[in-house]
Amino acid sequence: MSAAPSADFVAALNEYQPLLRRVARLYCQDADDRQDLFQEMVLQLWRAWPRYVPQPGAKLSTWLYRIALNVAISNLRQRSRRPAPGELGAEALAVALAPEAGPDAEDRAALYRAIDQLSEVDKAFILLYLEDRPYDEMADILGITQNNVRVKMHRVQEKLRQLLPLATR
């Protein structure tokens, strides 16, 4: 890959970097894995950028979400096929298990624990919901109808309601 990224790609990447990092956070618990996933998303976006043609009424974020979610789901499937690494030492484990700091950290941690129990597809719905994406944009990103989005979103929300009391224990 010898060509330097275009200025418009870099501008888009700067604008939507938080979106990519949130996708990575939902699909990777480990900070190093999150960074690897983020880098893979950027690489795949860069490869696809020359083929990106803005459509009237379509948002760039829709296209970015679609690629980011596809990369995240593919990455998750690859990781599930790899053998698990050995155990962490006691000191490293204590650092890894340290609670997140800040306001609402407990609630946020409980929400992430519940989301972690969802399927990879259900996680995509929740991510888009938490990002306040309208159903029509969700449908475009996920490649399904708006009615299907509504039905699936309702089911995913019900699953989360059931899981949240369990995640706070």
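Modeller: Asp122 and Lys159 form a salt bridge, with their closest N and O atoms 2.6 Å apart. Asp122 sits in helix H6 (residues 120–130) and Lys159 in helix H8 (residues 146–167), so this pair ties together parts that are 37 residues apart in sequence. Bear in mind that this is a predicted model: local features need pLDDT of at least 70, side-chain atom pairs count only at pLDDT 80 or more, and totals for chains, interfaces and linings use all residues. Residues are numbered from 1 along each chain as its sequence is written, and side-chain values use heavy atoms, leaving out hydrogens and water.

Biologist: What counts as a salt bridge here, and how many salt bridges are there?

Modeller: A side-chain nitrogen of Lys or Arg has to be within 4 Å of a carboxyl oxygen of Asp or Glu. That rule gives 6 salt bridges. Helices, by the way, are DSSP runs of H or I with at least four residues, numbered from the N terminus.

Biologist: Is Asp122 buried or exposed?

Modeller: Asp122 is buried, at 9% relative accessibility. Lys159 is partly exposed at 39%. The cut-offs are under 20% relative accessible area for buried, over 50% for exposed and partly exposed in between, using a 1.4 Å probe and protein chains only.

Biologist: Which residue does Glu137 pair with?

Modeller: Arg133, at 3.4 Å from N to O. Glu137 is buried with a relative accessible area of 4%, and Arg133 counts as buried too, at 18%. Lys59, Arg133 and Glu137 are linked in a network of salt bridges.

Biologist: Changing topic: what lines the second largest pocket?

Modeller: The lining includes Arg51, Tyr52, Lys59, Trp63 and Asp140. Helix H3 (residues 60–81) gives the largest share of that lining, 3 residues. The volume is about 170 Å³, taken as the space filled by probe spheres set on grid points joined across faces, edges and corners. A pocket is an open set of points on a 1 Å grid over the protein atoms alone, where a 1.4 Å probe fits, with protein on both sides within 12 Å along at least five of seven lines; lining residues have an atom within 4 Å of a point.

Terms used:
Helices (H or I, at least four residues) and strands (E, at least two) are DSSP runs, numbered from the N terminus.
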